[in-house]
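Please open the structure in your viewer and keep the selection panel at hand.

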Amino acid sequence: MDRAGIEAVVIEILAAQLLLPPSEVAPDARVDDLGLDSLGKVEAIFALEERFGISVPFNANEPDQPDFDFQSVGSIVAGVERLLRG
Amino acid sequence: MRRVVVTGIGTVNALAGDVPGTFAAFRAGRSGIGPLTFRDAGRLTIRVGAEVRDWDEARFTPSERALYDRVTQYALVAGAEALAMAGLAGPLGPRAGVIMGTAAGGIRTWEESYRAVFAEGRNRVPPLVVPRLMHNAAASHLSIRHGASGPVLSVASACASANHALGLALQQVRSGAADVMLAGGAEAMLCFGGVKAWEGLRVLSPDMCRPFSLGRRGMVIGDGAGVLVLEDEAHARARGARVLAELAGFGTTADAGDIVAPDPEGAARAMRAALADAGLAPGDIGYVNAHGTGTLLNDRSEARAIRAVFGGAAPPVSSTKAMHGHAIGATGALEAIACILALTEGIVPPTAGFETPDPDCALDVVANIAREARVEAALSNAFAFGGLNAVLAFRRA
């Protein structure tokens, strides 16, 4: 899957958690600005794992998110790309 | 009002199979966290926990082993130690009861049964699955074994279960409904399904538990049980029992907010309620055994709550979870035992694994090395998922 395809899926997953239409999640949006709470975040990560067949190394206790940067749509897309490359 | 005292304690946990061994580990600041050893642990992302090691099931007869999930086994061994220390022998009769906390009950029995019917395609499970896995199994077997035929029940409030059990047992004795209560908690959640479920929340640490420390990476689950013998003070004095401490107060509140995120306001209200119930002022408290899970959110929220209650003069704080792990529904009972060590021997057990103070947790954290201090009274905090807070206040005998 190319970058645009991954981005579309990431936006779809975040939008589903936020109960928003995908058109309201901008490709440059930041997750905290979208208002996703901590449970929504872990549900979105689970959805990413299921959808892409990956295992996301994310620990909610690490504020700087060294293993998987979940702070923006762009950083999530980059993280998924990296995991898909293996 | 009847005063309620602690006349016996017993435990099984990752540090030791009894109280003397646990006290020795508390004094030494030793951690019981290590690699997980149960079946399929290699398939997990998180592979550390505070397991009870080298458990000898042979101490139970074959018919008992068929009936007792591990959670019940831990409770029975801890209960026997507590009663022996209290100098009580069964049958304890209708003026005695049992209240035990557990979050997951017989989860290993669920797991083994599901594995048999789903994964292995078997058509039947052992006949005693229901009495093994029911949440009240540990409380009921303690009642049966020791002939305690008064108020007996189990309490499930996730990580606050044991504190709620101890608080409710305090109220049974105080109200006159019972003279003697066995109370505490038991948990045996360290199995593949138990850890797999926790992994999904992304709050488990992959290595160590470092409560209140900068660089903490989350909680580490533990197994075990703790049982306290609570007794009407006059009843205990009349029979010449050694009184270890007074269980002086219980505060219980709900955040009525988020299902998992902690709220410092609800936590502070529970601490204040426990102090008021005990007739203690904040300045009387010489030690707080924190909930201190080692997650980013809990420790920050709890530090705010402690500062709200104590102002700038907060007493020494430690989280013993870095040693015995977060034993979920049993953890409050293990931490009550840590408070008893502080009150009876003047040893404040440390927060093992502590590296660097976190400005977001500005507390006097007893780090890594036990501290000698005369403690007149102690608080023990438990703040559970579901927004349920339970705080106990203990006073020196």
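**Before starting**

This is a predicted model, in which local features need pLDDT of at least 70 and side-chain atom pairs count only at pLDDT 80 or more, while totals for chains, interfaces and linings use all residues. Residues are numbered from 1 along each chain as its sequence is written, chains are lettered from A and ligands numbered from 1 in the order in which they are written, and side-chain values use heavy atoms, with hydrogens and water left out.

**Stop 1: chain A**

Select residues 1-84 of chain A, which an unreviewed UniProt entry annotates as "domain: Carrier". UniProt positions are given here in the numbering used for this model, feature names are shortened, and annotations may be inferred rather than shown by experiment. The span is 56% helix and 0% strand, and its end C-alpha atoms lie 9 Å apart. Helices (H or I, at least four residues) and strands (E, at least two) are DSSP runs, numbered from the N terminus.

Next, display the side chains of A:Arg51 and A:Glu12, which meet in a salt bridge at 3.0 Å, N to O. A:Arg51 lies in helix H3 (residues 38-52) of chain A and A:Glu12 in helix H1 (residues 3-18) of chain A, so the pair ties together parts that are 39 residues apart in sequence. A salt bridge is a side-chain nitrogen of Lys or Arg within 4 Å of a carboxyl oxygen of Asp or Glu. Over all chains, the structure holds 33 salt bridges.

**Stop 2: where chain A meets chain B**

How many residues of chain A are in contact with chain B? Chain A contributes 14 residues, in contact with 15 residues of chain B; contact means heavy atoms within 4.5 Å. The two chains bury about 1,000 Å² between them, 47% of it on carbon and sulfur atoms. Select A:Leu39, A:Val42 and A:Asn61: these supply 47% of the area that chain A buries against chain B, more than any other three residues. Buried area is the accessible area (1.4 Å probe) that two parts lose on being put together, summed over both.

There are 2 salt bridges between chain A and chain B. Show A:Glu49 and B:Arg202, whose side chains form a salt bridge at 2.8 Å, N to O. B:Arg202 lies in the loop between helix H8 (192-199) and S7 of chain B, and has a positive phi of about 65° although it is not a glycine.

**Stop 3**

Select residues 1-396 of chain B, listed in UniProt (unreviewed entry) as "domain: Ketosynthase family 3 (KS3)". The chain here is 35% helix and 19% strand, with its end C-alpha atoms 18 Å apart. Now colour domain 1 (4-238) and domain 2 (251-396) of chain B separately; these bounds come from an automatic or database domain assignment. Their C-alpha centres lie 20 Å apart. The contact takes 58 residues from domain 1 of chain B and 64 residues from domain 2 of chain B.

About 4,500 Å² is buried between domain 1 and domain 2 of chain B, of which carbon and sulfur atoms give 69%. The count of salt bridges between these domains is 5. To see a salt bridge in chain B, select B:Arg216 and B:Asp358, whose closest N and O atoms are 2.8 Å apart. Then highlight the elements that each supply at least two residues of the domain 1 side touching domain 2, including strand S1 (4-13), helix H7 (161-175) and strand S7 (224-232) of chain B. The largest share of that side, 8 residues, comes from H7(B).

**Stop 4: a cis peptide bond**

Finally, select B:Gly90 and B:Pro91, which are joined by a cis peptide bond with omega of about -5°. B:Pro91 lies in the loop between helix H3 (70-86) and strand S4 (96-101) of chain B.
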